[in-house]
Amino acid sequence: MKDVVKQVVTPDEAEKQARYEAVETRLQGLIAGETDTLARMAGVVAVLHGEMPHFFWTGFYRVVGAELVIGPYQGTPGCSRIGWGRGVCGAAWKAEAAQVVADVHAFPGHIACDVASESEIVVPVKDGAGRVIAVLDVDSTLPAAFDEVDAAALESIVSMFVSPGGGMC
């Protein structure tokens, strides 16, 4: 029997928008009332990883002391810990801003956790006081898979973590 290879393509802008809208609607029901941060993160990762065809690795790195610590995530094994300012994740943490990288091989200091990764987007998760408490990291096997549509949608999704009282839900 021949192996079936799934053709991965980056959705166009309209398809991305529609998929992200569906993701947000699904997440609103999934994480509503859930108070455990890891459970909420796991739900976000599962829905995003399942709905977005260009996502190869999808996960959170949580700020623990002076490092980002992996989890929860879906995909191949990732780096367990990342220092402040190191790689794309550390750069997003340091800059406190999303990083959209069309070619990870051209990114200074890129940490190659998986050689299949070609492009990456990392979005900081901030608490009610504006402190970065985690980053959402997404890799693709396709070059230039992420753009401003992804950045805006993922920023909206991570904002769902902050409760009206300013803390993590």
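Trainee: What makes the contact between the side chains of Asp127 and Arg131 a salt bridge?

Mentor: Please bear in mind that this is a predicted model. The N to O distance between the side chains of Asp127 and Arg131 is 2.8 Å. A salt bridge requires a side-chain nitrogen of Lys or Arg within 4 Å of a carboxyl oxygen of Asp or Glu, so the pair of Asp127 and Arg131 qualifies.

Trainee: Are the two partners buried or exposed, Asp127 and Arg131?

Mentor: Asp127 has a relative accessible area of 10%, and buried means under 20%, so Asp127 is buried. Arg131 stands at 53%; because exposed means over 50%, Arg131 is called exposed.

Trainee: How many salt bridges are counted in the structure?

Mentor: The count comes to six. Lys16, Asp147 and Asp150 are linked in a network of such bridges.

Trainee: How do you know that Glu15 forms a salt bridge with Arg19, and what separates the two residues in helix α1?

Mentor: The closest N and O atoms of Glu15 and Arg19 are 2.7 Å apart, which is within the 4 Å limit. The residues are four apart in helix α1, and therefore about one helical turn separates them. Glu15, at 34% relative accessible area, is partly exposed, and Arg19, at 26%, is also partly exposed.

Trainee: What joins Arg81 to Glu67?

Mentor: A salt bridge joins them, with the closest N and O atoms 3.0 Å apart. This pair links distant parts of the chain, since Arg81 belongs to strand β3 and Glu67 to strand β2, 14 residues apart. Arg81 has a relative accessible area of 48% and Glu67 one of 30%.

Trainee: Let us turn to the aromatic rings. Why is the pair of Trp57 and Tyr73 called stacked?

Mentor: The structure holds three aromatic pairs. A pair of aromatic rings is described by the distance of the centres and the angle of the planes. For Trp57 and Tyr73 the centres are 5.0 Å apart and the planes stand at 15°. Centres must lie within 6.5 Å, and planes under 30 degrees apart count as stacked, so this pair is stacked. Because Trp57 lies in strand β1 and Tyr73 in strand β2, the pair ties together parts that are 16 residues apart in sequence.

Trainee: Which residues do ring pairs link into a cluster?

Mentor: The cluster consists of Trp57, Tyr61 and Tyr73. Trp57 is buried, at 5% relative accessible area, whereas Tyr73 is partly exposed, at 33%.

Trainee: Where is Gly78 found, and which residues does Gly78 contact?

Mentor: Gly78 is in the loop between β2 and β3. Beyond its neighbours within four places in sequence, Gly78 contacts Trp57, Tyr61, Ile70, Tyr73 and Cys113. Gly78 and Trp57 are 21 residues apart in sequence, while their C-alpha atoms are 8.5 Å apart.

Trainee: How do you know that the span of helix α2 agrees with what its residues should give?

Mentor: At 1.5 Å a residue, the 15 residues of helix α2 should span 21 Å; the end C-alpha atoms are 21 Å apart, so the two values agree. At the start of α2, a side-chain oxygen of Asp36 comes to within 3.1 Å of the backbone nitrogen of Leu38. The buried residues of α2, including Met41, Val45 and Leu48, pack against α1, β1, β2, β6 and α4.

Trainee: Which residues touch the most other members of the largest nonpolar core?

Mentor: Among its 29 residues, these are Tyr20, Leu48, Phe60, Leu154 and Ile157. Helix α4 gives the most to this core, with six residues.

Trainee: What makes Gln99 a buried residue?

Mentor: Its relative accessible area is 18%, and the limit for buried is under 20%; therefore Gln99 is buried. Gln99 lies in strand β4, and its side chain reaches the backbone oxygen of Ala97 at 3.3 Å.

How values were computed. Residues numbered from 1 in each chain as written. Predicted model: local features only at pLDDT ≥ 70, side-chain atom pairs only at ≥ 80, totals over all residues. Heavy atoms only, no water. Buried < 20%, exposed > 50% of the residue type's maximum accessible area, 1.4 Å probe, protein only. Polar contact = N/O pair within 3.5 Å; in protein donor to acceptor, adjacent residues only side chain to side chain. Expected span 1.5 Å × (residues − 1). Contact = heavy atoms within 4.5 Å. Core = buried A, V, L, I, M, F, W, Y, C linked by side-chain atoms within 4.5 Å. Phe/Tyr/Trp six-rings, centres within 6.5 Å; stacked < 30°, edge-to-face > 60°.
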